[in-house]
Amino acid sequence: MKEKNKRGFVVQSLDVVERVGNKLPHPVTLFAIFALLVILFSALLSGISVEHPTNEGEILEVNNLLSAEGIKYIFTSMVANFTGFAPLGTVLVTMLGIGIAERSGLISAGLRALVTSVPNQLITAALVFGGIMSSMAADAGYVVLTPLGAVLFAGLGRHPLAGLAAAFAGVSAGFSANLLLTSLDPLLGALTQEAAAVYDPVYAEGMNFAMNYFFMIASVFVLTIVGTLVTEKIVEPRLGKYEGGVTESVDGVSAIEKKGLLGALFAFLATIAILSLLIVPEWGPLRGEDGAIIQSPFFSSLVPVILILFFVPGFVYGRITKSIKNDKDVADQLSDTMATMGAYIVLAFAAGQFVAYFTHTNLGIIMAVSGAEFLENTGFTGIPLILTFIVVAGFINLFIGSASAKWAIMAPVFVPMMMELGYSPELTQLAYRIADSTTNVISPLMPYFAIVIAFAQKYDKKMGIGTLISTMIPYSIAFTIIWVIMLVAWMFLGIDLGPGSPINYSPN
């Protein structure tokens with residue numbers, strides 16, 4: 001009993017989270033269960049109705065999926081529900097470009113070049129910054145940067161676990177922030193847009209996947225500062241002097257890799273210049289009506305833009321370093337990337353059925369309207385509501401690691417509900433992203449948690465889940481606090497969260 005008490009309440013609580021989470025079904029099974037529950041509740045709640053919130057006079061009733069028409073819909077829509085699942089195409093297309101950049105070696109070399117080329121006094125900041133930017137390709141951040149952070153700190157005579165923690169915090173707790181658009185933006189954005197369309201199709205049509213871009217750019221610099229301070233003022237002093245004696249030399253960037261990085265940089269700049277010709281001049285073919293930029297084909301085609309911006313530099317780097325010798329190598333790397341997406345495609349099939357059933361039955365919009373009316377009657381709105389939503393989403397993240405799986409469940413209810421209360425879908429998505437990112441580093445069920453523990457055990461054989469979580473809790477708390485402060489300030493100032501992405505919702 002004494003030993004158990006020594007572990008601390010927080011660690012014991014997270015042990016409970018791990019045990020409960022491990023008993024949960026696989027996300028694919030969860031979505032299948034949810035889809036069946038939607039079918040059941042559509043029959044039980046048949047006859048309930050509300051007035052459409054944006055189409056005055058239109059009455060929405062619960063559509064019974066166990067009726068003759070409902071059963072017909074289930075069978076005839078199954079394929080369309082899968083192929084029409086909003087994030088499916090956007091994610092697969094985006095990953096084609098990111099896959100080339102990652103498998104050619106560009107992203108790995110770029111991260112190593114970043115953190116090994118800065119002065120020693122800036123190593124911590126470089127690790128946190130590099131980790132945040134690595135969300136361009138999350139796997140590279142966990143696999144490359146986390147162990148590299150430990151090696152760098154050990155080589156400087158600092159505690160290697162502090163370097164590992166700094167990198168892990170940037171990669172995982174700062175996952176949503178970036179200076180560039182990443183695969184996460186269209187992945188979550190498609191689900192948000194689909195959920196908003198249930199409430200207001202006209203508004204949803206004007207949304208774009210860069211809806212949180214301005215906030216996330218600012219977050220990169222703020223989180224880098226906070227992550228550096230937490231590492232050097234809290235985590236590293238707590239770890240104390242390292243006595244393990246395990247040191248390694250850091251593999252720098254070879255001459256051919258440097259040449260490849262330079263070529264990739266020129267290719268990236270040239271690609272931006274060419275793409276700019278399509279949008280900057282008034283005659284640009286990707287301009288909108290009357291020369292509009294935000295409401296334009298350009299912002300409607302961010303997925304192919306991301307594909308091109310990653311593919312071209314990745315290809316050039318591969319050609320220079322010989323990791324791509326011919327078209328067969330390109331095809332193989334693209335195929336390997338798509339092979340890793342198998343689990344996501346299966347998840348998309350189950351999630352697609354759940355989202356489609358939820359929309360078709362009108363359960364989502366009815367729950368949103370009823371929930372919003374309840375919150376208004378109780379006076380629970382404004383910033384307290386947003387903060388409560390962040391707490392709820394963060395708690396769910398302790399049990400379900402997949403960002404897209406959670407948002408596919410939550411978006412159909414919370415996006416319309418917040419719209420009914422006057423908050424934009426863009427704001428709701430941003431609040432979700434804050435909650436999802438900041439709790440990644442303390443979730444034992446996060447897919448890469450075990451890998452990080454394995455890296456850490458090289459320097460501390462006794463390192464376990466509880467020790468790693470206790471090390472990462474300061475980052476989780478600090479990132480949450482600073483992000484919430486930023487969000488509240490953003491809301492008070494009324495600054496757009498991204499291009500054409502306001503904080504408040506008003507029908508078009």
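Biologist: Which side chain does Lys72 meet in a salt bridge?

Modeller: The side chain of Lys72 meets that of Glu69, with N to O at 3.5 Å, where a salt bridge is a side-chain nitrogen of Lys or Arg within 4 Å of a carboxyl oxygen of Asp or Glu. Please keep in mind that this is a predicted model, in which local features need pLDDT of at least 70 and side-chain atom pairs count only at pLDDT 80 or more, while totals for chains, interfaces and linings use all residues. Residues are numbered from 1 along each chain as its sequence is written, and side-chain values use heavy atoms, with hydrogens and water left out.

Biologist: Where do Lys72 and Glu69 lie?

Modeller: Both are in helix H4 (residues 68-76), three residues apart, which is about one turn of the helix; helices here are DSSP runs of H or I with at least four residues, strands are runs of E with at least two, and both are numbered from the N terminus.

Biologist: And Arg433 with Asp185, buried or exposed?

Modeller: Arg433 and Asp185 are both buried, meaning under 20% relative accessible area, with exposed being over 50% and partly exposed in between (1.4 Å probe, protein chains only). Their side chains meet in a salt bridge at 3.1 Å, N to O. Arg433 lies in helix H22 (residues 425-438) and Asp185 in helix H11 (residues 184-199), so the pair ties together parts that are 248 residues apart in sequence.

Biologist: What does Asp436 pair with?

Modeller: Asp436 forms a salt bridge with Lys406, the closest N and O atoms being 2.9 Å apart. This pair links distant parts of the chain, with Asp436 in helix H22 and Lys406 in helix H21 (residues 403-420), 30 residues apart. Asp436 counts as buried because its relative accessible area is 4%, and Lys406 counts as buried because its value is 1%.

Biologist: Changing topic, which residues touch the most other members of the largest nonpolar core?

Modeller: Among its 159 residues, they are Leu127, Phe168, Phe215, Trp407, Leu468, Met472 and Leu487; such a core is a set of buried Ala, Val, Leu, Ile, Met, Phe, Trp, Tyr and Cys residues joined through side-chain atoms within 4.5 Å. Helix H24 (residues 465-493) gives the largest share of this core, 14 residues.

Biologist: What is Met472 in contact with, leaving aside neighbours within four places in sequence?

Modeller: Met472 is then in contact (heavy atoms within 4.5 Å) with Ala165, Phe168, Ala169, Val441 and Ile442.
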